Amino acid sequence: MAVYSIWGMANKVKVEPLSCEEEVGNSIFESVYRKADRIFFEIVREMNGIKHKEGSVSEQTANVISFLGGRGRGKTSAMLSFYAYLDKLKQQQGDVWGEWSKLENKRIKFVKIPCIDAAALATNEFLIEVILAKMWDSFDAVIKENPYGSQDSHFEYLTKSVRTEFINVKKSYKILRDKETLEREREEEASAASALHELAASMNFKEKFAQLVRDYIQVLNYRCYDNRYREEETGYLVLAIDDIDMAWTMAQSILEQIRRFLSIPQVIILLTADIDRLKNVCEKVYQNVYLKEKNLQRFVSEYLEK
């Protein structure tokens, strides 16, 4: 679902404070923030209903909020302001504007990593690899600052588990990449069996990544209460990806990685893009599949909407 923004100051990024109702009401982006807040709330509410279904990585609500607009229209400002607002939201708990006042007796925690600039990705640099690297940096910083020491055995257990899961995810991703590279080299000889092998590798990576996300959130949100972990706290990993359309030929690959690997419980994505540029990129990718222009435009529109 898209959130459209209008901004009068071209090429300037401004992160607005959104601590209270008054600050939101005074912003030119008020309607954008309120719509993003409603969508975000619905995503969390639906995720909360399926988060305990172990291994059910396919039972997932739409988890992407798109800030769409032309160049210099303020979509990055709107997204980053909302992204920063999540820090204040988890601190205030209950005394917030918008839909969050409807949550009762639930402790919601958000884990964020630094915003990813899609336009800055190097050629053949994959979004998933960047996400994993940024996740590791945040994890490494937390365990180095460990305030619990070796006395909290549960925290030590969680950190060891996450280290192992990072290794497993990287191995699984390498297997997936190797298989996909091999399949491209043998494209003319592709068979149903090879397609199934690729699908199996993809699902294996997705499941391992979902497990990593679950334990990663626990470590970064960890609090010690009389040496007991408060498990009723629900956590979500929120990712911000800026200027997907500016990745040019890689833009469609980024969208595919989001669709294939990031549609999992406890992951929510904010992204910005110029929708017209994004359509042009996708049309070039699929023009040899849908030869009729009408069919091509319809497919691309449905693809981006999903």
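With which residue does the side chain of R34 meet in a salt bridge, and how far apart are the N and O atoms?

Reply: The model is a predicted one, in which local features need pLDDT of at least 70 and side-chain atom pairs count only at pLDDT 80 or more, while totals for chains, interfaces and linings use all residues. Residues are numbered from 1 along each chain as its sequence is written, and side-chain values use heavy atoms, with hydrogens and water left out.

The partner of R34 is E21, and their side chains meet in a salt bridge with N and O 2.4 Å apart. This pair ties together distant parts of the chain, since R34 belongs to helix 2 (residues 30–50) and E21 to helix 1 (residues 21–25), 13 residues apart. A salt bridge here is a side-chain nitrogen of Lys or Arg within 4 Å of a carboxyl oxygen of Asp or Glu, and by this rule the count comes to ten. Helices are DSSP runs of H or I with at least four residues, numbered from the N terminus. E21 itself is partly exposed, at 42% relative accessible area, where buried means under 20%, exposed over 50% and partly exposed in between (1.4 Å probe, protein chains only).

R45 forms a salt bridge with E42, the closest N and O atoms being 2.7 Å apart, and both residues lie in helix 2, three residues apart, which is about one turn. E42 counts as partly exposed, with 37% relative accessibility. In D178 and K174, whose closest N and O atoms are 2.9 Å apart in their salt bridge, the two residues are four apart in helix 5 (residues 153–185), about one helical turn. An α-helix has 3.6 residues a turn, so residues three or four places apart point the same way. D178 is partly exposed at 41%, whereas K174 is exposed at 53%. Salt bridges that share partners also join E21, E30 and R34 into one network.

Away from these charged pairs, we can turn to the nonpolar side chains. A nonpolar core is a set of buried Ala, Val, Leu, Ile, Met, Phe, Trp, Tyr and Cys residues joined through side-chain atoms within 4.5 Å. The largest has 57 residues, and F209 and I258 are among those with the most contacts inside it; helix 6 (residues 192–220) gives the most to this core, with ten residues. A second, separate core of 31 residues includes Y33 and V44.
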